[in-house]
Amino acid sequence: MKVRTRFAPSPTGYMHIGNLRTALYEYLIAKSQNGDFILRIEDTDQKRYVEGATDIIYSTLKEVNMNWDEGPDIGGGFGPYVQSERKNIYAEYAHKLVELGGAHYCFCSKSEADEQKDEEQNIKFQDPCKLIPLEEAKKRVAAGEPYVIRQTVRKKGKSKYHDEVYGDIEIDYDELDEGVLLKSDGFPTYNFANVIDDHLMQITHVVRGNEYISSTPKYNLIYEDFGWEHPHYVHVPQVMKDAQHKLSKRNGDASFQDLVAKGYLPEAILNYIALLGWNPGTEQEIFSLEELKKVFTTERLNKSPAIFDIVKLNWMNGCYIRALSPEEFQQKATKFCGELPAFVNMKALCAALQPRVEFLGQIAEQIDFVPAVGAYDKELYVNKKMKTDVEIAAKALALTLPVLEKVADWSNDTLFATLKNLAETEGLKNGQILYPVRIALSGKETTPGGATELAVILGKDESLKRIKDAINKLA
RNA sequence: GGUCCCAUCGUCUAGUGGCCUAGGACGCGGCCCUCUCAAGGCUGCAACACGGGUUCAAAUCCCGUUGGGAUCACCA
C-alpha cells in the first residue's frame with residue numbers, strides 16, 4: 001500500500017516552528033518511501049479563521065521546498081481538501097455513526113454540560129441524552145430542535161494501540177469523554193473530521209503532537225465503529241521554548257516567517273528543526289531536504305521534548321550562509337543592506353560580510369559606518385596591543401594620505417603591501433599604520449575586515465576623504 | 001485531582017547489558033593564525049535526577065521516589 005501522509009494545519013495565521021517540524025516529518029515519511037504528501041486545511045472553527053492564513057501555509061511550504069502531491073490549490077483524487085467544503089460529508093457520516101451506535105444526538109446546552117463536570121474532582125459529563133431512544137431523538141431533530149452529535153463510549157476496560165515512537169499505549173475507556181463530534185452549527189470538531197478525512201483520503205501515517213496521545217483511543221473507537229482500520233500513529237514530542245513552556249504565538253516566540261524576516265535561510269531552519277527530536281544515528285548535522293529523504297526513519301524519533309535553541313540555529317544558519325556562493329550571498333544580502341551610497345563596492349562589502357554574519361539581519365549593524373562615519377571619540381585611536389595612541393595615529397594618517405593618493409590599483413593586495421611597506425620604511429609596526437587607518441575609515445573599534453579591506457569597500461575617493469577628515473579631527 | 005507521557009553535559013543528542021575512565025555538535029574557556037572582529041585549525045571544562053532491586057556486569061532491564069510535560073472544549 002502506498003504511503004500517504006498529510007499536513008493538516010488550521011489557518012490561524014501563524015506558521016509555528018513545531019507545526020513546520022510536524023509537516024517535515026510527514027513529508028519525510030512519505031517521500032522516504034516514495035509516497036504522497038497531502039495538504040489539507042482544517043478550518044472547521046469559523047471563529048478562529050484568519051484571512052490570508054492559507055497563503056502563509058502555501059508560501060512556507062514552498063519556501064522550504066516541501067511540495068505537496070494533493071491539496072486545495074492543485075486538487076487530487078480525494079478532494080475537496082478544505083474541511084469547510086466537506087461539511088455535508090461529515091454530517092452524513094455523523095448520522096451514520098449514530099445508526100451504528102457509536103454516537104448519539106444530544107440536546108444539552110454547552111453550559112449544562114460544563115456545569116456537570118469537574119476536572120479536579122474528576123467528574124465527567126454524563127450525557128442524559130444518551131438514554132433518549134433513537135426514534136424519539138430523531139423526531140426531535142426532525143422537529144428542528146438544536147442538537148449536537150456526541151460520541152458514545154460503550155466499551156469497558158483498556159484501550160490499546162501502538163504508537164511508532166511511544167510504543168504501546170494503554171488507556172482505560174472510562175477515561176474517555178464523550179465529546180462532540182458534530183457541532184450545533186453543523187460543522188464537525190477536529191475529533192471527528194480528522195478521522196473521517198484521514199480514512200477517506202487513505203492516509204497511512206498520522207503525525208501529530210503528543211498532546212493527542214490520550215485522545216487517540218477515542219478516534220480508534222470511531223474507526224472501529226465504522227469498521228475501518230486506523231492509520232499508523234506517529235506522535236512527536238513538543239518543541240519547547242524552555243523546560244517549562246512550549247513554543248507559542250502567545251509568548252511571542254518566533255514563527256517561521258519571523259525567522260526568515262530576520263535573515264535566517266529556510267533551508268537552515270528546516271535542517272535545524274529536523275534535528276529537534278530526530279537524529280540520523282551518525283554524526284552528520286548538515287542535511288539538505290534531499291539528504292533527509294534518504295536517511296529519515298521514524299525509529300530515530302525521540303520521545304522527550306526538545307528546547308528550541310536559537311544559538312545553535314545561529315551557528316547552523318552561519319554554516320549555510322558561508323556555504324553560499326559569493327553571488328548567492330550578495331543577492332540575499334543586498335536586501336538587508338538598505339540604501340547604500342554609490343561609492344560602495346558591493347562585491348567587496350559582501351565578501352567581508354559573508355563569514356561575519358550568522359543571519360542576514362546582523363548586516364545592518366556591521367555596515368552602519370559605510371554610508372558615513374558616525375561621531376566617535378579620539379580615544380578610539382588608543383590601542384595598547386596595536387601600540388597606537390592619538391599622536392601616533394595623527395602621524396600615521398598624515399604619512400598614509402599621500403601614499404594612498406598615489407595608489408593606482410585600489411585592490412586589497414596592493415593596498416596592504418603598500419601600507420606594510422610604508423610602516424617598514426617609517427620604522428613603525430604594521431598595526432601603527434593599519435589600526436589608525438581602519439578607525440579613520442570606520443570610526444568603529446571592530447569592523448568587518450581590516451583597514452585595507454574597508455578601503456576597497458569604500459573606494460579610493462571616499463577612503464581618502466575619510467582619512468583627511470580624521471587628520472583634521474586629530475589636529 | 002484522575003489518567004497518560006517523559007527524564008544522559010547549560011542546549012540538541014549518541015548510547016537497546018560488557019566496546020563507557022559515557023561519544024559528537026552548539027555554546028563557553030585557552031592556544032594558533034591574524035591589519036580590529038569574524039572565519040579556519042588545535043585544545044580544555046562540562047551529564048547518566050534519586051533510591052532500591054535483577055545480573056558476574058546497568059546510563060542501558062524492573063520497582064519506587066522526585067521533577068517536568070500533556071490531557072480532562074460545540075480549539076485543533
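Q: How do the residues that line the largest pocket divide by class?
A: The lining of the largest pocket has 18 nonpolar, twelve polar and 14 charged residues. Ala, Val, Leu, Ile, Met, Phe, Trp, Tyr, Cys and Pro count as nonpolar, Asp, Glu, Lys and Arg as charged, and the others, Gly among them, as polar. This is a predicted model, in which local features need pLDDT of at least 70 and side-chain atom pairs pLDDT 80 or more, while totals for chains, interfaces and linings use all residues. Residues are numbered from 1 along each chain as its sequence is written, chains are lettered from A and ligands numbered from 1 in the order written, and side-chain values use heavy atoms, without hydrogens and water.

Q: What makes a space a pocket and not a cavity?
A: On a 1 Å grid over the protein atoms alone, a cavity is a set of points where a 1.4 Å probe fits but cannot get out, whereas a pocket is an open set with protein on both sides within 12 Å along at least five of seven lines; lining residues have an atom within 4 Å of a point. The largest pocket has a volume of about 1,200 Å³, a volume being the space filled by probe spheres set on the points, which are joined across faces, edges and corners. Of its 44 lining residues, S10, N19, R48, E211 and Y212 are the closest to the centre.

Q: Which element gives the most to the lining of the largest pocket?
A: That is α1, with five residues. Helices (H or I, at least four residues) and strands (E, at least two) are DSSP runs, numbered from the N terminus.

Q: What lines the second largest pocket?
A: This pocket, of about 960 Å³, is lined by 33 residues, with K117, R150, D177, G179 and V180 nearest its centre. By class, the lining has 13 nonpolar, eight polar and twelve charged residues. The most comes from α4, with three residues.

Q: How many cavities of 30 Å³ or more does a search of the whole structure find?
A: The search finds two. The largest cavity holds about 50 Å³ of space, and α18 supplies the largest share of its lining, three residues. That lining has eight nonpolar, two polar and no charged residues. The second largest cavity, of about 30 Å³, is lined by Q151, G179, L181, N191, K218, Y219 and I222.

Q: Why is K156 called exposed?
A: The relative accessible area of K156 is 65%, and exposed means over 50%, buried under 20% and partly exposed in between (1.4 Å probe, protein chains only). K156 is therefore exposed. Its place is in the loop between β4 and β5.

Q: What joins the side chains of K156 and D174?
A: A polar contact of 3.0 Å joins them. The term covers a pair of N or O atoms within 3.5 Å; within protein, one must be able to donate a hydrogen and the other to accept it, and residues adjacent in sequence count only if both atoms are side-chain atoms. The value of 3.0 Å therefore meets the 3.5 Å limit.

Q: Which residues have the most contacts inside the largest nonpolar core?
A: They are M66, F192, F308 and F329, in a core of 145 residues. A nonpolar core is a set of buried Ala, Val, Leu, Ile, Met, Phe, Trp, Tyr and Cys residues joined through side-chain atoms within 4.5 Å.
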